[in-house]
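Hello,

The structure we spoke about is below. My notes on what was found in it follow.

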Amino acid sequence: MNNKYITRVIKYAILQLIAVMFVILWLFPLYAMIVGGFKSNMEAASAPILLLPRQFSTEAYYFDWFGFGTLVGLEFPMIRQLLITIPVALASVILGSMGAYFFYMQMERRPWISNVGFSIISLATFLPAQTLTVPLIELTSSLGIYQTYWGLAFAYFIFYLPMSALLMSIFLPVVPNYLVESARLDGARDWSIFWHVIFPLVLPGFLSTLIFVFLMVWQDFFTPLIIATKPSLYMLPVAARQYVGGYAILYNRSFAAGVITSLVPLIIFAFLGRYFIRGLAALGGGAKGI
Amino acid sequence: MVRQSLIMAIPTLFFGGIIVFLLIWNFVISLENWSLFNPFPKFTGLLSYLYLFTQNFFYASIEHTILFTVGLVAIGNILGLLLAALLYFLPNNTQRAIYLSIFIYPIAIPPTATALVWLWLFNPQIGIDWLLSKLYLPSIPWFATPLNTQLALVLVEVWAYTGLAVLFYLASFLSVDRSIIEAARLDGASSMNLLFRVLLPNSMNGFIITTALLFLFSFRIFDIPFIMSGSATSPTLMTLVTYIYYLFAYSEYFSVAAALATLVAVIAAIVIIPYALLGLKRWVFRR
């Protein structure tokens, strides 16, 4: 009996040890990024990147934030990113959930409509955005919105409004059908059924979708790369790319650029990570149990 | 009544319709001979496709895409499965939740930051190799040959996307009926037996979801190779999607870019639509 107890303790210790080892491995890049940004330029270039800085310096952040010479500072890209990403994500999710409601309502009566709709929104969610490069630029330039904020928002909507609709169609079926039917018998119309019956019940799903879509729009590199190529329109991921410079003179500065780009996502993940994970789980049909 | 819900769906239908419209437009462009020096294109049939098939970059980018995709799907599935099992056997729920979020956080941070940090971690003097030499392990020449560079990219992908696999395997393990597990435990099954004989056979959904999503995420990977190699012109890290951008931005043959984009979209759609209709939709609406 005693022997069995000891083997169980040892097994448990090994399990913990392996888990902690992998967790540390996974945190390595984040740690290197944060530490690297606080080093001086010479130290970041020559000292091992996993060591703590000998002298704490915020020079890299000043450099990145205000820019230098032809390098565009990250101050305005950050403001732009916040001002565009938040409304785009919010509008996508609100409008997308209304679309999801429509597909959900057609489920029983006209399954083919909801099948076609479901295929299209899945296609929009998972299709590599690069496949639309040529016609997307053609379309935005013929509408006169190429290289403008409107064009950028338009392109974001093309990819992320259907993505919101897909995630919301995964969250909507938690609402039991009889609630909708009884509201309908009481004479409620779709608009009020959606806002007064369905919406309060899927609020957690709505938040998950909102946070997931917000982070996806935030980290989108390709759309601003092709639609907003002027330095005066740089979005954060595109602007941060200037500071990569493949081992050029930007040693500590490229770490700082990484930190500035991922600051908002990291804060959101730290406080609302649960919602993000639920949004991610929705991509696989809800993944019961998490 | 139906009409009002149809009005509410207009934005979704409009932007979804634009996707379909752009795909069709893309196909039409691919049948023409539109280039920078030929602003008035004519219909030329499959000429752009035939031109594409003569390009060495095309075959190289297919090879790289297969390597990155197969690499991520294989390693991601195996590692994700093992890590999910590890988390499953942890007795503490809070600890499990925290570890799970640590495996998932790379999906939340921008690929720009990922690419930039890993570029430094692969530095032969001060990166991971420094740590390996301190531990008296042989250092790895990350960027020494094209194959090494490509395997390094697979490593970054594994770091970035294995969290997906962990999430879905853990979810399917947790949804296995408790009574089956108790019964196996009573019969004296070891943890290994429990994992391979009970949990795994009941996790078919987890396997399908993980494989489909890892394939799609790695098939569309653009930012990380683009930033790690400096631009879309590097032949070493060129994938099908970076090659589309290369054809568009660095060569003058827009129609060829559209032809390649059509091929890529067809391959993606072959995976996406069955996954959506036979997988996603069935799992969701069966409840």
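In this predicted model, helix 6 of chain A (residues 133–142) has these buried residues: A:Thr133, A:Val134, A:Pro135, A:Leu136, A:Leu139 and A:Thr140. The cover over them includes elements of both chains: helix 7 (149–171) and helix 11 (222–227) of chain A, and helix 2 (10–30), helix 13 (240–249) and helix 14 (254–285) of chain B. Just after helix 6 of chain A, the phi of A:Gly144 is positive, at about 75°.

On the contact between the chains: 85 residues of chain A and 84 residues of chain B take part. On the chain A side, helix 13 (residues 251–282) gives the most, 13 residues. That side of chain A consists of 60 nonpolar, 21 polar and four charged residues.

The largest nonpolar core has 188 residues, and the members that touch the most others are B:Leu167, B:Ile244, B:Ala257 and B:Leu260. Helix 7 of chain A supplies the largest share of this core, with 16 residues. Leaving out residues up to four places away in sequence, B:Leu260 touches B:Leu52, B:Leu240, B:Tyr243, B:Ile244 and B:Leu247.

For chain B, an unreviewed UniProt entry annotates residues 6–28, 66–90, 97–121, 151–174, 194–217, 224–248 and 254–278 as "transmembrane region". Two of these spans were checked against the model. Residues 97–121 of chain B are 92% helix and 0% strand, with the end C-alpha atoms 28 Å apart. Residues 254–278 of chain B are 100% helix and 0% strand, and their end C-alpha atoms lie 36 Å apart.

Regards

Terms used
Residues are numbered from 1 along each chain as its sequence is written. Chains are lettered from A and ligands numbered from 1 in the order in which they are written. This is a predicted model: local features need pLDDT of at least 70, side-chain atom pairs count only at pLDDT 80 or more; totals for chains, interfaces and linings use all residues. Two residues are in contact if their C-beta atoms, placed from the backbone, lie within 7 Å. Helices (H or I, at least four residues) and strands (E, at least two) are DSSP runs, numbered from the N terminus. Ala, Val, Leu, Ile, Met, Phe, Trp, Tyr, Cys and Pro count as nonpolar, Asp, Glu, Lys and Arg as charged, and the others, Gly among them, as polar. A residue is buried if 20 or more other C-beta atoms lie within 10 Å of its own, exposed if 12 or fewer, and partly exposed in between; C-beta atoms are placed from the backbone. A nonpolar core is a set of buried Ala, Val, Leu, Ile, Met, Phe, Trp, Tyr and Cys residues joined through C-beta atoms within 7 Å. UniProt positions are given in the numbering used here, feature names are shortened, and annotations may be inferred rather than shown by experiment.
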